[in-house]
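Thanks, everyone. I will take a few minutes on one model, going from the whole chain down to a single residue.

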Amino acid sequence: MIAEFIRELIVIGTNEGLAAARARGRVGGRPTVATEEVIKAARDLLPDPGRSITSIAKLLGVSPGTLYNYIPDLRELRVGTVHRQLEARTR
């Protein structure tokens with residue numbers, strides 16, 4: 001019973017502290033590494049069949065998972081590009 005009361009006080013204090021920090025302009029959380037420039041650069045590099053997603057991510061200083069998270073259609077873009085290149089070679 002007392003433990004529940006103490007927990008409630010901690011939760012209230014934490015929420016008040018977070019609200020005060022937000023009011024001062026502090027957001028909290030992990031800073032994002034995927035800026036618009038990084039995503040645009042990744043999209044520009046995707047059509048190159050000589051570059052893997054891992055090498056693109058390493059070049060841009062992000063993880064491959066970050067690219068998959070910020071470019072939802074990454075697999076489709078990559079597969080579509082490869083199919084178009086194969087079709088062009090067979091013609």
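Accessible areas here come from the Shrake-Rupley method with a 1.4 Å probe. On that basis, the accessible surface of the protein comes to about 7300 Å², and carbon and sulfur atoms account for 59% of it. Keep in mind that this is a predicted model.

Now the overall layout. The protein has five helices and zero strands, so to speak a plain α-α-α-α-α pattern when read along the sequence. It has 91 residues, and 18% of them count as buried. As for contacts between residues at least 6 apart in sequence, 51% join residues at least 24 apart.

Which residues form the largest nonpolar core? There are twelve: Ala34, Val38, Ile39, Ala42, Leu46, Ile53, Ile56, Ala57, Val62, Leu67, Ile71 and Leu74. Two elements give two or more residues to this core, namely α2, residues 36–45, and α3.

That brings me to Leu60, which lies in helix α3, residues 53–60. Leaving aside residues up to four places away in sequence, Leu60 touches Val38, Ala41 and Ala42. Of these, Val38 and Ala42 are listed in the core. The C-alpha atom of Leu60 is separated by 9.2 Å from that of Ala34, 26 residues apart along the chain.

Leu60 has 22%, so Leu60 counts as partly exposed.

How values were computed
Residues are numbered from 1 along each chain as its sequence is written. This is a predicted model: local features need pLDDT of at least 70, side-chain atom pairs count only at pLDDT 80 or more; totals for chains, interfaces and linings use all residues. Side-chain values use heavy atoms; hydrogens and water are left out. Helices (H or I, at least four residues) and strands (E, at least two) are DSSP runs, numbered from the N terminus. Buried means under 20% relative accessible area, exposed over 50%, partly exposed in between (1.4 Å probe, protein chains only). Contact means heavy atoms within 4.5 Å. A nonpolar core is a set of buried Ala, Val, Leu, Ile, Met, Phe, Trp, Tyr and Cys residues joined through side-chain atoms within 4.5 Å.
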